[in-house]
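Here are a few exercises to work through with the model open in your viewer. Try each task before you read its solution.

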Amino acid sequence: MIQKGAVMIPFSVRNAGLAVIALAGLLTGCSSGTTPEAARTAPAAPFADCAPLSTQQISDAVHADRLIAQHTLPACRWAAQIGAGGADISFTFSATDSLQQLWDRARSDGFQTEHMVITKHALGTVTATAFYVRDPHDPTGCAVVAASNGAITWRVQNLSRTTSLDPCAASLELATMMVDLSP
């Protein structure tokens, strides 16, 4: 039964020939013996090499004169020498924990948390959700947790009273460098 308004396309040798050529090309491509290059898959631990940023970027963020790596997975750690003082820097990544889970865990462990938004103004405004984590009994340390194809955490602990390092500002700078704010 033909519905009203339907268009019938008559059989033609030309249309059949085009269909055969298209089918032959498809089958030849599929049976050529070579397979297309497999799509790259993300590694299970994308920062297993403890190189989320370059050593220079980390040094610049904390104004370090010298940076010494002390990695023990799953945390990447650095000791920074800043003048006569120093700081400890750590980075962790979680592909499975949400920001809400990390927020809840920090609060249940007695830390203060504060929502924030990392913003970039390029071709419009692009944002990423993040939050600060602070120990209410120790103002020398601060962490920033941000969404970046998982959850990243940068923590800076100022070990010296002689160094004017702001641990929250340094943690924020490190996190901002990693968050994908592509428009």
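A disulfide here is a pair of cysteine sulfur atoms within 2.5 Å. The model is predicted, so local features need pLDDT of at least 70 and side-chain atom pairs pLDDT 80 or more, while totals for chains, interfaces and linings use all residues. Residues are numbered from 1 along each chain as its sequence is written, and side-chain values use heavy atoms, with hydrogens and water left out.

**Exercise 1.** Find how many disulfides the rule gives, and work out which cysteine is joined to C50.

*Solution.*
- Step 1: the rule turns up two disulfides.
- Step 2: C50 pairs with C76, at an S to S distance of 2.2 Å.
- Step 3: the angle about that S-S bond is -85°, making the link of C50 and C76 left-handed.
- Step 4: this pair ties together distant parts of the chain, 26 residues apart, with C50 in the loop between α1 (13-30) and α2 and C76 in strand β2. Helices (H or I, at least four residues) and strands (E, at least two) are DSSP runs, numbered from the N terminus.

**Exercise 2.** Is C50 buried or exposed? Buried means under 20% relative accessible area, exposed over 50%, partly exposed in between (1.4 Å probe, protein chains only).

*Solution.*
- Step 1: C50 has 7% relative accessibility, so it counts as buried.
- Step 2: C76 has 2%, so it is buried too.

**Exercise 3.** Characterise the disulfide that joins C142 to C168.

*Solution.*
- Step 1: the S to S distance is 2.1 Å.
- Step 2: the S-S torsion of C142 and C168 is about 100°, so this disulfide is right-handed.
- Step 3: C142 sits in strand β6 and C168 in helix α4, distant parts of the chain that are 26 residues apart.
- Step 4: C142 is buried at 1% relative accessible area, and C168 is buried at 11%.
- Step 5: count the bonded cysteines along the chain and you get the pattern 1-2, 3-4.

**Exercise 4.** Which residues touch the most other members of the largest nonpolar core? Such a core is a set of buried Ala, Val, Leu, Ile, Met, Phe, Trp, Tyr and Cys residues joined through side-chain atoms within 4.5 Å.

*Solution.*
- Step 1: the core has 32 residues, and V62, I89 and W154 touch the most other members.
- Step 2: elements giving two or more residues include α2 (55-62), β3 (85-94) and α4 (167-178).
- Step 3: α4 contributes the most, with five residues.
- Step 4: leaving out residues up to four places away in sequence, V62 touches A80, I82, I89, V156, L165 and A170. Contact means heavy atoms within 4.5 Å.
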